[in-house]
Amino acid sequence: AKAMTNDSQGLTLEVLADERRIQRVLIAYATSVDSRNWQGLDEVFEATAHAVYGNDPQSQFVCEGRAAIRALCRKNLDGCGPTQHLLTNFRIDIAGNRASSICSVQAGHFGRGEARKARYELWGEYRDEWLKGTAGWRISQRQLHVIRDFGEPDRVLGPA
């Protein structure tokens, strides 16, 4: 990904507003998954969005379409106890009705029931491509790049 620190695009009010709108959609994603508001993902992803979770082709999850992304999120999180997806270090590049963004994610997960003290944590980056349509900005492509994960995913993640 190219460096997103140059100011050649010019910080017009419209560019700044679009950056803020994209940030708000990313925050809506984190809020939706942590509150298990699966319908909320309609406000985040294009219906035809493509997502790849993880770096290693042997163990990554590839999702074709918003319904598949929602199903994967549900499969992993519906059986969890509390989770908290913290997003920060937003780097957003606007190009008309398209955009690219990278943000840091720290996702903490606890188990429930017998596993309520078990924990799984992930550090990574969401690397997203965006389209602006009549409903606003939506993610068309997502890659979750994992920097490090640790804990007991087998005890924490999974079906309810």
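Visitor: In which sense do strand E1 and strand E6 pair?
Guide: This is a predicted model, in which local features need pLDDT of at least 70, side-chain atom pairs count only at pLDDT 80 or more, and totals for chains, interfaces and linings use all residues. Residues are numbered from 1 along each chain as its sequence is written, and side-chain values use heavy atoms, with hydrogens and water left out. Strands here are DSSP runs of E with at least two residues, and helices are runs of H or I with at least four, numbered from the N terminus, while two strands pair if DSSP finds at least two bridges between them. Strand E1 (residues 45-53) and strand E6 (residues 136-151) are joined over 5 bridges, and the sense of their pairing is parallel.

Visitor: Which residue in E6 is the bridge partner of Tyr53?
Guide: His50 stands opposite Gln141 in E6. For Tyr53, the bridge partner in E6 is Leu144.

Visitor: How many bridges pair E5 and E6?
Guide: A hairpin through 2 residues joins E5 to E6, and Lys132 has its bridge partner in E6 at Trp137. The two strands E5 and E6 run in the antiparallel sense, and the number of bridges that pair them is 14.

Visitor: Which strands are the edge strands of the sheet?
Guide: The sheet is open and mixed in its pairing, with 6 strands in the order E2-E1-E6-E5-E4-E3. Each edge strand pairs on one side only, and these are strand E2 (61-64) and strand E3 (83-95).

Visitor: What angle does the direction of helix H1 make with that of E3?
Guide: Axes are lines fitted to C-alpha atoms, for helices over the stretch in contact, and angles run from 0 to 180 degrees between N-to-C directions; contact means heavy atoms within 4.5 Å. Helix H1 (residues 13-35) packs on the sheet, where it touches E1, E3, strand E4 (98-110), strand E5 (119-133) and E6, and its direction makes with that of E3 an angle of about 155°.

Visitor: Is Ser101 buried or exposed?
Guide: Ser101 is found in strand E4. Buried means under 20% relative accessible area, exposed over 50%, and partly exposed in between, with a 1.4 Å probe and protein chains only. Because its relative accessible area is 2%, Ser101 is buried.

Visitor: How far is the sulfur of Cys80 from the closest cysteine sulfur?
Guide: A disulfide is a pair of cysteine sulfur atoms within 2.5 Å, and a search of the whole structure finds 0 disulfides. The closest cysteine sulfur to that of Cys80 is in Cys73, too far for a bond, at 11 Å.
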